[in-house]
Every structure is written in structure tokens, then in C-alpha cells.
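This report describes one protein model, moving from a single residue to the whole chain. Please keep the sequence and the structure in view while reading.

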Amino acid sequence: MAPTFVTGGRYDGIAILGGDGVAFGGHCAAQSLCAAAAQAGRDRLPNSIHSTFLSAVVPDEPVSYEVTWLKQGRAFSVLRVDARQRQRVCLTSVISFHVDEHGPSHQIIAPEVALPELCRSLDFIPPGTNPEVRSCFDIREAAPAQADPAGHPAQTCWLRCRQPLGDDGHAHAGALVWFSDLSMPWTADLPYLGTGPRIGASLDHSLWFHRRFSVDDWLMFVQESPIYVGARAFTRGMFFTQDGKLVATAAQETLVRRPGATP
């Protein structure tokens, strides 16, 4: 997943196909996080990433990740990563890292669902997408999806990496960036699957990391889309461990344009 160090704050990677002839944005965002992490150092884990997708990335072509320091403090480090391809900035991300601190805590209660070992595998491949970008995860249906647009679309799944990532906390954070961009756009589109072609693209994507976690273990991803209007769908989600700890929160706005719509 991690891009290759070149010089200074520059790293190089290769884009992978997401679907419909364009690269997978979640992979570029995950590589941006890994490039920033290499500069920030192993003693600080990411507490947030905010990515804005500016233009489509061509698959199977080089992408350059240029890291710029914005802040280096006693508790926080903040870096910007610009992903460039063909001399154009395709994605820009601001990534914050935080040292461990202790204090009072509270969190929302995790929903009660069946254990992952008792859940069926989700082998659904969204139309027009590359199945390879999902193959690195074991994904299981934790609760029946809600696809009624009169309420709001929602789905809950279990996930874990098929190949262990070891003890590199930065790699585990990157895996969540990857997975959330796989899943969240399709949560918003659940009521409209099978209604004909559409054009989709991530517009912006944010994750907040609350605790240390491992994607070598099962994580529950609870997602809902409270609104889809004007060709823009908003989705939010929460990642929980099996013992109910909230480890990350995600939010994404996605362009989902259907035939007949005009920009």
C-alpha cells in the first residue's frame, strides 16, 4: 500500500483501477496517509485525514505524492499531501497526527448484531467496479441493508484484512481509508441499484481515528446516508471493535449523477 520514497518529501506510487476506466480514489487517499506518516514518524498515529478529490486519476500510471509540513507541535503534527499525475494535482489531503494522551472518555454504544463468524459473506460487486479492490478484505453482512429512500439508506458490515498487516498502526489507518471509500458511496446508492447507469465519483472524504485498532481483527462498519440531493450523496459511518469500542468515524460526499441530469 505504501508509496516509495524518492527524495525530500516526495513519494511515488502507481494508481490502481477502481472502475469505469478511472483509478480507485481510496487507494490514492490511503497512499497519501502513508506518505505523510513516513514524514511524521512512528511515534505519532493519525487522528484525522481530510481529502478532496480534484480530478480523475488514470489507472496503471505513476502518481507522485508531495508532502508539505503545516505544523509540528509537541502534541500534533499536521501535513498536507498533494497527489499529482501528469503535472496536475488530482487529490489533496490534510492529515493530522497526535501523540497518545490520557483523560476522561465517553462514546456511543455499538449496535447489537450477530458475530462475524455467524454472518454470510458479502460477495456483491458494484456494477462497473474492479473486484480486485475489494478482494483484500473479508466482508460480511452484519445486519440487513436498509434501501428505502423514504427513510434513509443504511448498512452494517463486518470487515477484516485477509492478509495480516502486523503492528504498523499507520498501515491499519490506511486500510480504513481504503475500505471506507469502497463502501460508503454504495450505501447512498442502495435504493437505486438496478435502475440504470449512473456516474459516480468521490468528492471529499474524511476520517477521524479515535483509538488504536487493528484491521487484522474484525471491525463493524455502521453506515447511513441521511441525504442525497442535487446529484450529491452524503454518507457517514462508524467503526467498532468486536467488544464495542468506537475506533474511527468517517464522512463522505459523493457525486452520483444519473442519466438526464445536467451539471
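In which helix does Ser183 lie? In this predicted model, Ser183 belongs to helix α2, which covers residues 169–188. Its relative accessibility is 6%, and because buried means under 20%, Ser183 counts as buried.

The side chain of Ser183 forms a polar contact of 2.8 Å with the side chain of Gln223. When residues up to four places away in sequence are not counted, Ser183 touches Gln155, Phe221 and Gln223.

At 2% relative accessibility, Phe179 is classed as buried.

Which residues are in contact with Phe179, leaving aside its neighbours within four places in sequence? They are Phe137, Ile139, Cys157, Leu159, Phe221 and Phe239.

## Ala143 in a strand

Ala143 is found in strand β9, made up of residues 137–146. Is Ala143 buried or partly exposed? Its relative accessibility is 24%, so Ala143 counts as partly exposed.

Apart from neighbours within four places in sequence, Ala143 is in contact with Val113 and Thr156. Arg236 is 93 residues from Ala143 in sequence, with a C-alpha to C-alpha distance of 17 Å.

## The protein as a whole

The secondary structure consists of 2 helices and 14 strands. The radius of gyration is 18 Å, close to the 18 Å given by the globule rule for 263 residues, so the protein is as compact as a globular protein of that length. Along the principal axes, the C-alpha atoms fill a box of roughly 50 × 45 × 30 Å.

Of the 263 residues, 48% are buried. Among contacts between residues at least 6 apart in sequence, 69% join residues at least 24 apart.

## Surface and charge

The accessible surface amounts to about 12,900 Å², and carbon and sulfur atoms account for 54% of this area. The protein carries 22 positive and 26 negative side chains. The centres of these two sets lie 5 Å apart.

Terms used:
Residues numbered from 1 in each chain as written. Predicted model: local features only at pLDDT ≥ 70, side-chain atom pairs only at ≥ 80, totals over all residues. Heavy atoms only, no water. Helix = DSSP H or I, 4+ residues; strand = E, 2+ residues; numbered from the N terminus. Rg over C-alpha atoms; globule rule 2.2 N^0.38 Å. Buried < 20%, exposed > 50% of the residue type's maximum accessible area, 1.4 Å probe, protein only. Contact = heavy atoms within 4.5 Å. Areas by Shrake-Rupley, 256 points an atom, 1.4 Å probe, with all protein chains shown as cover. Lys, Arg positive; Asp, Glu negative; His and termini not counted. Charge placed at Lys NZ, Arg CZ, Asp CG, Glu CD. Polar contact = N/O pair within 3.5 Å; in protein donor to acceptor, adjacent residues only side chain to side chain.
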